[in-house]
Amino acid sequence: FVGSVRGVEETDEDLTQKLRAYNATRTGSAFLMSYDEGVGFKCMRGPIGNGKSVLMCMYIVHKSQQQKVIEITENGQRFRIRWSKWLLMRHSIKIAKQTTITTWNQWFGDKTRWVTDPYEGRYEDEGPDGVLTRIDFIVLGAKADDVMDDLQSLELSGAWINEATQCPYDVVSHVFTRLKRFNPCPASDTYLKTFHVVMDTNSPNEMNWWRKKEEVEQPKGWLFFVCPPAILEERDINGRVTYVPNDIEHAAKHGRRPAENVKTIDGGYHPDMTYWTDMLSVLDEDEIRRLLMNRFGQSVEGMSVFGDVWNPARHRVPAKEAPLMKGMRVVCGMDLGRTPAALFAQMRLDGKLVAQKEATTWNERLRNGRGGLERMDVVQFFDTKMLPVLVNFYGYPECDLTIFADPAGKNYNEVVSIS
């Protein structure tokens, strides 16, 4: 592919000097050239800066140049044309204008005209065979209040959903129902080709619908392309995490494909891949995981509180080294709400705080014997769960008791059964 950007004062000669070829990455080449007969969704997930959006622009042009040729008459002239209609979608039109359309214009802006209200565009380019390739665009925001109404009447050849994981799945699925409908010459016996819904994204949270489709459901008619990470994780002998660039050397060491799009990042080649490594100081662990390592982000639901910080060899001690001391101060941490929990701890003589007992609302009889958390208010929880532990193991009330409680306890309705 060849793309260009025209400045305000640039002539055709200046523009010719700026023409540049597009070289797809390995994953991008697979996306472009894969056999996709019967495929409804083609999806790419990768780290930031690996060229996903540019690839989608190239894919749209690539497919539209394969459209069937028809003859039409406009303004008294009859000519041959390859005509397609695509939806461009981001979570909002404002962001689509700032990102999705800006990326398109960087490559095909000299061949595309845009209008607003509604936001539409038209790309036209005459091929070497003299046939005009025309792409009509409709731009929509997936989170707009009237997006379902706007989709209802669309007739499309294909759709590009940019950063698709930011868009609700019910909108994504509804986009697919608008394909196989575009036919600008209904009186003709020629039926035009229909393409796909193409989507790109950085790795989302593991609870996002994308992860469910890619790793759990794996529905028929969906193709997923996963790009190699930009950064790799390594651990030293003490378990400490360090991050290294996914260059050829480290990729071979870890048995991974090296990072892609390295030569085009920041206008030049970076042997040390500083475009990505410089981000390590400003991103948190989950962002590094999602945006640089191309892994699904971790949900806090059902996760341990301490995560990777927990080291059993360091933080666990044998029971004989943490004896229960009746009559001595007990420190209790409480999580409130409708399924409260409590942790009991005492200070050892060497000054270390040791957690010894817990109380939860777990009930083995719930869920047909599989067990589950029983809902109860804090008063019932203290009387039936906490008090027996305090009395039997710590000699309460003959010991001092200090409780640190969840701030949710300030909400009366959240900790008692009576509202």
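**Helix packing and selected residues**

Analyst: In this predicted model, helix α3 (residues 52–64) packs with helix α4 (residues 93–108) at an angle of about 60°, and their axes lie 9 Å apart.

User: Is α3 parallel, perpendicular or oblique to α4?

Analyst: The angle between α3 and α4 is about 60°. Angles under 35 degrees count as roughly parallel, and 65 to 115 as roughly perpendicular. The arrangement of α3 to α4 is therefore oblique.

User: Which residues of α4 meet α3, and how many residues of the contact are charged?

Analyst: From α3, the residues Ser-53, Val-54, Cys-57, Met-58, Ile-60 and Val-61 take part, and they meet Thr-103, Trp-104, Trp-107 and Phe-108 in α4. By class, the residues of this contact comprise 8 nonpolar and 2 polar, and the number of charged ones is none.

User: Is the crossing of α3 and α4 left-handed or right-handed?

Analyst: The pair concerned has axes 9 Å apart. Where α3 passes α4, the crossing is right-handed.

User: Is Glu-214 buried or exposed?

Analyst: Glu-214 lies in helix α7 (residues 209–217). Its relative accessibility is 11%, and the cut-off for a buried residue is under 20%. Glu-214 therefore counts as buried.

User: With which side chain does the side chain of Glu-214 make a polar contact?

Analyst: Leaving aside residues up to four places away in sequence, Glu-214 touches Phe-224, Val-226, Phe-296 and Arg-45. A polar contact, at 2.7 Å, joins the side chain of Glu-214 to the side chain of Arg-45.

User: Lys-180 and Asn-294 are both in loops. What is the phi of Lys-180, and what is that of Asn-294?

Analyst: Most residues other than glycine have a negative phi. Lys-180 is in the loop between α6 (169–176) and β10 (197–201), while Asn-294 is in the loop between α10 (285–292) and α11 (312–315). Neither is a glycine, yet phi is positive in both: near 65° for Lys-180 and about 55° for Asn-294.

User: Which of these counts as buried, and which as exposed?

Analyst: The relative accessibility of Asn-294 is 6%, and that of Lys-180 is 69%. Buried means under 20% and exposed over 50%. Hence the buried residue is Asn-294 and the exposed one is Lys-180.

User: Which residue does a cis peptide bond join to Pro-397?

Analyst: Most peptide bonds are trans. Pro-397 is in the loop between α12 (378–394) and β19 (401–405). Its cis bond, with omega about 15°, joins it to Tyr-396.

Terms used
Residues are numbered from 1 along each chain as its sequence is written. This is a predicted model: local features need pLDDT of at least 70, side-chain atom pairs count only at pLDDT 80 or more; totals for chains, interfaces and linings use all residues. Side-chain values use heavy atoms; hydrogens and water are left out. Helices (H or I, at least four residues) and strands (E, at least two) are DSSP runs, numbered from the N terminus. Buried means under 20% relative accessible area, exposed over 50%, partly exposed in between (1.4 Å probe, protein chains only). A polar contact is a pair of N or O atoms within 3.5 Å; within protein, one must be able to donate a hydrogen and the other to accept it, and residues adjacent in sequence count only if both atoms are side-chain atoms. Contact means heavy atoms within 4.5 Å. Axes are lines fitted to C-alpha atoms, for helices over the stretch in contact, and angles run from 0 to 180 degrees between N-to-C directions. Angles under 35 degrees count as roughly parallel, over 145 as roughly antiparallel, 65 to 115 as roughly perpendicular and the rest as oblique. A crossing is left-handed if the near helix is turned anticlockwise from the far one by less than a right angle, and right-handed if clockwise. Ala, Val, Leu, Ile, Met, Phe, Trp, Tyr, Cys and Pro count as nonpolar, Asp, Glu, Lys and Arg as charged, and the others, Gly among them, as polar.
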